[in-house]
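Here are some notes for a colleague who is about to go through the model; please read them with the coordinates open.

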Amino acid sequence: MSNKLLVSAAVASALLSGQAMAHDTHFQNNSCDVELDGHIQYYQGDLTVKMDSGNVVKIDQYYNLTLNGKDVALDSEQQRWVTEYYDSIDMAIPMTLTIASEGLKIANVAVSEVFTELLGDNTMDDDFQTLFTSLETKLSTSFYDDAGNLRVDSTEFEEPGWFDESWEQEFEAELESLVSESMGRILIALGTQMLWEGGDMSEFEQRMETWGEDLEFRLESQAAALEEKADALCEVLQKADYAEGQMQATISGLDDLNLLDMESHGEMRM
């Protein structure tokens, strides 16, 4: 029975990590897989796209478009696509950061509850809080300046995706390390339970199963809410991708503008 419970505990830990990051799995499926061709910078209302060709497109908060520092005159239709492109990216950036932040919070609560239940106390809480605090700080300092203004520079990303995901890899690695460090205490807790129950783990296992089902239910509801936000973000990026295609086709000099490389490109209708 103890081996079965240990396996269940390990599976629970993996489940919690997966639940907390469910939005990423969903967001990166074939219907909304986003990569960047070129680089994006966004700061204080200015959106700059540096294309692989070396051309630089800039759109300010008033929807003025420049190409390599020179103003580009736009007709009403072209202006429509520029406005749609800017507004969609301007909306997508804070949406992405909200999803990432909420995912971390879900993971924080979930992991803390798992180990408090398994170990019977919250002595590991400080270690987990240190982990999550460091990741929240990394997320904040990577995308906000000291005054709280959004700041995005994809040249600093380690991967070509919509937003850098290295913090998620760090989360998984650190969590795995903490789980490994805690296994000795988990084994002691299980041994203690067996002593108290005279070797019969059935009552303890039933309690854990009931608790696990309750936690899973609560996590699923939060993950579902997060997934809805990921769906909304996907739609916004699809609009940006479609507007980008229209800009590329209708505005002279933007032939190589293709920052957003999405599997769903061309499916959006405006």
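**Notes on the predicted model**

1. A polar contact of 3.3 Å links the side chains of Asp153 and Gln41, and another, of 2.6 Å, links those of Asp153 and Thr155; a polar contact here is a pair of N or O atoms within 3.5 Å, where within protein one must be able to donate a hydrogen and the other to accept it, and where residues adjacent in sequence count only if both atoms are side-chain atoms. Asp153 belongs to strand 7 (residues 151-153) and, leaving out residues up to four places away in sequence, touches Ile40 and Gln41, contact being defined as heavy atoms within 4.5 Å.

2. Residues are numbered from 1 along each chain as its sequence is written, and side-chain values use heavy atoms, with hydrogens and water left out.

3. The chain holds six helices and eight strands, taken as DSSP runs (H or I of at least four residues for helices, E of at least two for strands) numbered from the N terminus, and along the sequence they follow the pattern α-α-β-β-β-β-β-β-α-α-β-α-α-β. Of the 270 residues, 42% are buried, and among contacts between residues at least 6 apart in sequence, 71% join residues at least 24 apart.

4. Six strands make an open sheet in the order 6-5-4-3-2-7 with antiparallel pairing, and its edges are strand 6 (70-71) and strand 7, each of which pairs on one side only. Two strands are said to pair if DSSP finds at least two bridges between them. Strand 2 (residues 39-43) is joined to strand 7 by three bridges and to strand 3 (residues 46-50) by five, also in the antiparallel sense. Tyr42 has Val152 as its bridge partner in strand 7 and Leu47 as its bridge partner in strand 3.

5. The two hairpins that involve strand 3 deserve a look at their turns. Between strand 2 and strand 3 there are two residues, and Gln44 there has a positive phi near 50°, a value found here in a residue other than glycine. Strand 3 and strand 4 (residues 56-59) pair over four antiparallel bridges, with Thr48 opposite Lys58, and five residues separate these strands, including Gly54 in the turn with a positive phi of about 105°. Asn68, in the loop between strand 5 (65-67) and strand 6, likewise has a positive phi, near 55°.

6. How many salt bridges does a search of the whole structure find? The search finds three. In one of them the side chains of Lys58 and Asp46 meet at 3.7 Å, N to O; Lys58 lies in strand 4 and Asp46 in strand 3, so this pair ties together parts twelve residues apart in sequence. Glu102 and Lys229 meet at 2.6 Å, N to O, and because Glu102 lies in helix 3 and Lys229 in helix 6 (residues 202-250), this pair ties together parts 127 residues apart in sequence. Arg80 and Glu77 form a salt bridge with their closest N and O atoms 3.7 Å apart, and both lie in helix 3, about one turn of the helix apart.

7. Beyond its neighbours within four places in sequence, Tyr85 is in contact with residues including Leu47, Val49, Ile59, Ala243 and Met247.

Notes. This is a predicted model: local features need pLDDT of at least 70, side-chain atom pairs count only at pLDDT 80 or more; totals for chains, interfaces and linings use all residues. Buried means under 20% relative accessible area, exposed over 50%, partly exposed in between (1.4 Å probe, protein chains only). A salt bridge is a side-chain nitrogen of Lys or Arg within 4 Å of a carboxyl oxygen of Asp or Glu.
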